[in-house]
Amino acid sequence: MPVLTRDEAQTRAQLLHVHRYTIGLDLTSGTEGAEGTGAAAADTGPGAAQTSGAETFGSRAVIHFTARAAGDTFVEVNPAELLSITLDGAPLDPAALDGNRYPLPGLTAGEHELVVEARMRYSRTGEGVHRFTDPVDGETYVYTQLFLDDVERVFASFNQPDLKAVFEVTVAAPRGWTVLGNGVATDNGDGTWTCAPTPPLATYFVAVAAGPFHSVRTEHAGLPFGLHCRRSLAHHLDEDADELFEITRQCFDRYHEKFEEPYPFDSYDQAFVPEFNAGAMENPGLVVFRDEFVFRSAVTETERQTRAMVVSHEMAHMWFGDLVTLAWWDDIWLNESFAEYMGYQTLSEATRFTDTWVDFAANRKSWGYDADQRPSTHPVAPATDAVPDTASALLNFDGISYAKGASALRQLVTWLGEKDFLAGINIHFARHKFGNATLADFIDSLAQATDRDVHAWAESWLGTDGVDTLRPAITDGGGSWSLEVARQGGRPHRISVAAYDTDPVDPDRLVPRGRFEVDVPSTGAADPQPGRRPSLVVLNENDTTYAKVRFDPVSWETVVRSLSCVPDPLTRAVVWNAARDMVRDGELAPTAYLELARAHLPRESDLAVVQGVLTFATHQIAQRYLPAEERSAALGTIRAVCRDILRRTEDGSDSSLRLIAVRQAIDATSQPETIQEWLNDGSVTGGPELDPELRWRILYRLAVLGAVDEAVIAAELDRDPSATGQEGAARCRAALPDPAAKEAAWAALFASDDLSNYLFNATAQGFWQAEQAELVHPYLTRYFTDAVELAARRGPAIATAAGRWAFPLHAVDHEVLEQGERTLEEPALVPALRRQLVDQLSDLRRALAVRAQPTP
């Protein structure tokens with residue numbers, strides 16, 4: 001089907017002004033688990049959409065718009081069946097629908113009313129209206145995800161972000177259901193719910209969630225606040241409701257201190273929904289989260305912080321994205337980078353989570369660094385011709401638009417000052433509220449608040465791709481020392497430098513010498529620093545810029561000896577990131593990184609740092625960067641680190657750190673006896689007791705090692721028949737080292753379209769295993785053929801999943817690289833899969849290059 005081009009959108013925006021949509025959705029048939037299905041269709045006028053079956057729902061859109069001049073245009077709609085369409089009361093021929101476009105030729109200048117009635121398909125891939133039946137209790141839930149071009153799966157629209165309009169939505173739902181929308185939803189008592197009219201919104205922000213939700217409600221600042229989840233998760237939501245509301249209130253109040261524009265909508269609902277593809281979606285007034293954030297098993301304090309950050313991130317979007325919306329998709333970074341930066345910063349200012357930037361440095365920023373070193377890299381703000389259509393726009397939701405963009409804004413605040421930064425933001429909101437804005441508008445608003453050359457900063461930081469590298473050169477002059485920073489790259493950086501001395505009594509202890517700021521490139525000769533040269537000099541020690549950093553030889557010797565003695569956790573995260581980059585760039589042997597982890601991680605106190613280092617060690621070094629014959633020793637080192645942490649936490653001093661060590665020990669297990677004993681006992685020796693997450697984690701590893709069979713998996717599924725249990729069972733079954741199990745998993749993935757998005761991901765995650773390389777080798781060639789066909793058949797969400805989760809990561813060999821490169825030559829390859837394959841093959845080349853480095 002054709003995708004919307006930028007040129008088409010600009011032409012249509014010049015022709016049309018869209019005033020209002022009146023939307024009626026009928027969800028009243030085929031809803032297993034509801035108390036009844038007798039509700040009448042949502043009546044939004046004559047001929048309201050009729051009741052539909054379990055595979056489809058009714059949709060009726062009434063669009064009021066003005067044509068500024070006579071001309072031709074089209075409306076997007078992608079129905080199972082187009083029932084009727086009328087323009088200004090005159091019927092049009094439904095057969096004129098061309099793919100997902102209905103042509104509207106010969107429009108006259110003036111006011112128009114377009115009415116489109118259709119039956120639409122439910123989705124099981126997280127696109128359009130996703131429909132889910134809970135295996136625990138049989139209850140059914142539906143929710144919309146209309147991002148980018150999925151609006152046409154739900155109702156007819158002029159679907160582009162700069163044609164904002166008021167939306168009035170009515171939903172017919174089964175009795176016993178709750179309906180949520182962008183505005184306060186009112187139960188009319190006849191099976192229909194009416195949502196309050198919205199302020200002007202982009203079409204992709206329209207949101208509906210419906211089902212027999214469990215809801216917890218309160219009020220704050222005169223507005224209704226709500227939390228909603230599946231009934232089967234009610235107990236878990238209730239346990240965390242106070243924490244979630246507290247985070248929500250704290251962030252809400254802090255944003256009102258930062259922003260002069262008040263929150264622009266009439267309510268704030270947060271719905272946790274099943275099988276959601278993203279972390280969350282910033283629908284105005286109805287933020288939708290993946291319901292893994294309703295924790296049903298033990299989690300670490302860092303995971304609670306991550307959930308809180310997502311709450312903060314999505315709330316920032318209420319202003320940047322929802323109140324002021326991009327004009328075209330090349331400026332998606334304005335939404336995501338801003339929300340990413342504000343999410344972390346506001347959380348650290350307003351809540352108990354004061355070390356959020358450590359987690360960003362240890363676990364988030366590498367997403368941006370990795371993306372920026374692949375062939376698919378792009379500037380934070382792409383050139384206007386780089387995003388010609390919606391398909392290409394979808395590819396830019398990556399680590400550059402999120403993590404790199406947030407890092408760029410953090411550097412901007414460091415350079416500009418927070419006062420001027422916020423002043424510019426508030427000018428931007430005042431100028432463009434309820435409208436659309438571009439990068440140029442944003443920079444102009446910032447320039448209004450400062451005398452600094454923001455336009456030059458934006459050109460060097462937002463208009464270029466790639467990662468700069470900063471290297472120190474230290475000169476020891478006896479009574480003083482000086483630092484010069486060599487820059488590989490072209491961006492200006494303002495960085496903080498930390499200096500440490502080795503304690504003369506305890507050589508493993510570091511004593512902070514001091515911190516000072518440096519501009520790179522420098523504007524003059526570096527000022528000498530008093531005293532002898534420090535033992536350790538760390539560039540960008542507070543992580544306020546975006547660049548890879550390196551160490552002089554003396555400093556690196558100190559890192560190897562005393563990394564865990566660096567007093568500030570954010571600085572330690574910067575050092576660990578540098579070591580990670582050195583491995584990836586072939587400057588540090590993977591085994592040396594493992595030795596660094598073995599020496600210092602058992603003494604590390606920051607959860608985010610421990611998690612980040614162990615994850616990289618397990619999934620990159622042990623599984624990809626070291627050859628197969630060295631994998632066992634690498635996993636043994638990781639297990640040794642975990643054992644040391646478990647011994648250290650036996651007194652119950654840090655349950656979160658202990659949980660991280662237990663999880664990583666399970667993942668690194670090579671022999672099944674210990675974790676089998678844990679599973680039999682229902683507890684790790686010394687704690688914790690095994691909850692569902694840990695039980696499935698152990699079972700998965702046992703399946704990989706061939707220590708369980710189908711009967712054991714089925715018994716565990718009987719014990720935990722939840723949706724998460726279904727995913728765990730699918731992952732375990734695909735991981736069994738049995739030819740029949742592999743063939744069954746492959747058929748489910750590629751020969752059938754029955755798997756939902758989450759079950760597809762789980763099955764794909766289980767299939768490829770490094771320990772089973774010989775067994776799965778025949779599937780390597782099949783992957784590149786079958787994934788291409790699947791992506792074309794099932795659409796962008798599954799295409800992305802096929803490239804991300806179903807790619808044979810374990811196979812670090814030239815055969816896979818060559819097959820992948822041939823696949824990229826296929827002109828019919830869908831963009832979503834192509835982007836994933838480009839990135840996977842780039843990572844594969846890097847892994848091959850790391851393996852090819854001579855052993856020091």
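**Close-up views: pocket and cavities**

View 1. The model is predicted: local features need pLDDT of at least 70, side-chain atom pairs count only at pLDDT 80 or more, and totals for chains, interfaces and linings use all residues. Residue numbers start from 1 along each chain as its sequence is written, and side-chain values use heavy atoms, without hydrogens or water. A pocket is an open set of points on a 1 Å grid over the protein atoms alone, with protein on both sides within 12 Å along at least five of seven lines; lining residues have an atom within 4 Å of a point. Points join across faces, edges and corners, and volume is the space filled by probe spheres set on them. The lining counts 44 residues, with T125, E127, R153, R794 and G795 nearest the centre. α24 (779-794) is among the elements supplying at least two residues; α24 gives the most, 4. Helices (H or I, at least four residues) and strands (E, at least two) are DSSP runs, numbered from the N terminus.

**View 2. The largest cavity holds about 80 Å³.** A cavity is a set of grid points where a 1.4 Å probe fits but cannot get out. The structure has 4 cavities of 30 Å³ or more. Lining residues of the largest include P2, E76, R101 and W329.

**View 3. The second largest cavity has a volume of about 60 Å³.** Y369, N540 and D581 are among its lining residues. β28 (548-549) and α12 (569-584) each supply at least two. α12 provides the largest share, 4 residues.
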